[in-house]
Amino acid sequence: MIVALESENYNRICGTEFAITTSRWERFAAAMQKPFPELTYLDVSAYNQVVPILPDSFLGGSAPHLRELRLESIPVPSVPKLLLSANGLVIQSLILTLEDIPDSGYISPDAMRRWPLPSQ
C-alpha cells in the first residue's frame, strides 16, 4: 500500500486503511505529506509501540473530499487544522474517530469546540 502512496498515481487514491508498525512509520509519514485530492476515507492505526506525531503537512495540510477519518494511537495535534481544510464534509455523513491517542497528541476540547461546522 505504501508503494501506491509513493506512485505517480497517488492522486487517484480515494480510500485506504493502514496498520502501521515502527519499521514502516517513516516511509508512510513521508508519503502522506502531499495532498490527496480524491481521498474520502482514511483509516490509520499504529502498532508495536509506535507513537508517531503526524506533522501539519499531513495530507498536504488539505483534505477537500475527506468524509471519514479514523486514527488509532496516532497523535495529530494538527487535526483541527486538517478538519478545517476538509470543506467537502457533509455533517450528516462526517465520521471522525480518534482512539487511544497518546498524551503527546492531546487535542483540547476547546480546540475541537472551535472547529466551525460546514454550512448545510
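**Entry 1: aromatic pairs**

I count two rings of Phe, Tyr or Trp as a pair if their centres lie within 6.5 Å, taking the six-membered ring for Trp. Planes over 60 degrees apart make a pair edge-to-face, under 30 stacked, and the rest tilted. The model I am reading is a predicted one. By this rule I get three aromatic pairs.

I took Tyr10 and Phe36 to start. Their ring centres are 5.4 Å apart and their planes stand at 75°, so I log the pair as edge-to-face. Where do Tyr10 and Phe36 sit in the chain? Tyr10 is in the loop between helix H1 (2–6) and S1. Phe36 is in the loop between H2 and S2. The two are 26 residues apart, and the pair links distant parts of the chain.

I then looked up their accessibility. Tyr10 is partly exposed, with a relative accessible area of 22%. Phe36 is buried, at 2%.

Next I took Phe18 and Phe28. Their ring centres lie 5.0 Å apart with the planes at 55°, so this pair is tilted. It also joins distant parts of the chain: Phe18 is in strand S1 and Phe28 in helix H2, ten residues apart. Phe28 has 0% and counts as buried. I also note a cluster: Phe18, Trp25 and Phe28 form one aromatic group.

**Entry 2: a charge over a ring**

I went back to Tyr10. Which residue places its charged end over the Tyr10 ring? I find Lys34 there, 4.6 Å from the ring centre. The ring of Tyr10 thus has two entries in my notes: the edge-to-face pair with Phe36 and the charge of Lys34.

**Entry 3: strands**

I turned to the strand pairing. Strand S1 (residues 15–20) pairs with S2 in the parallel sense, over six bridges. I checked one of the partners: Ile20 is bridged to Ala46 in S2. S2 and strand S3 (residues 68–72) also run parallel, joined by five bridges. There, Tyr41 has Glu68 in S3 as its bridge partner.

S1, helix H2 (residues 22–31) and S2 make a right-handed β-α-β unit.

How many residues of strand S2 are buried? I find five of the six in residues 41–46, so S2 is largely enclosed by the rest of the structure.

**Entry 4: salt bridges**

I find three salt bridges in the structure. In one of them, Glu6 meets Arg27, with the closest N and O atoms 2.7 Å apart. Glu6 is in helix H1 and Arg27 in helix H2, so this bridge ties together parts that are 21 residues apart in sequence. Glu6 is partly exposed at 41% relative accessibility. Arg27 is partly exposed as well, at 39%.

I moved on to Asp43 and Arg70. Their closest N and O atoms are 2.9 Å apart. Asp43 lies in strand S2 and Arg70 in strand S3, so the pair ties together parts 27 residues apart in sequence. Asp43 counts as buried, at 10% relative accessibility.

Arg70 also bridges to Glu72, with the closest N and O atoms 2.5 Å apart. Glu72 counts as buried, at 17%.

Which residues form the network of salt bridges? I log Asp43, Arg70 and Glu72 as linked in it.

Methods:
Residues numbered from 1 in each chain as written. Predicted model: local features only at pLDDT ≥ 70, side-chain atom pairs only at ≥ 80, totals over all residues. Heavy atoms only, no water. Buried < 20%, exposed > 50% of the residue type's maximum accessible area, 1.4 Å probe, protein only. Helix = DSSP H or I, 4+ residues; strand = E, 2+ residues; numbered from the N terminus. Pairing = 2+ DSSP bridges. Right-handed = clockwise from strand over helix to strand, strands pointing away. Lys NZ or Arg CZ within 6 Å of the ring centre and 35° of its normal. Salt bridge = Lys/Arg side-chain N within 4 Å of Asp/Glu carboxyl O.
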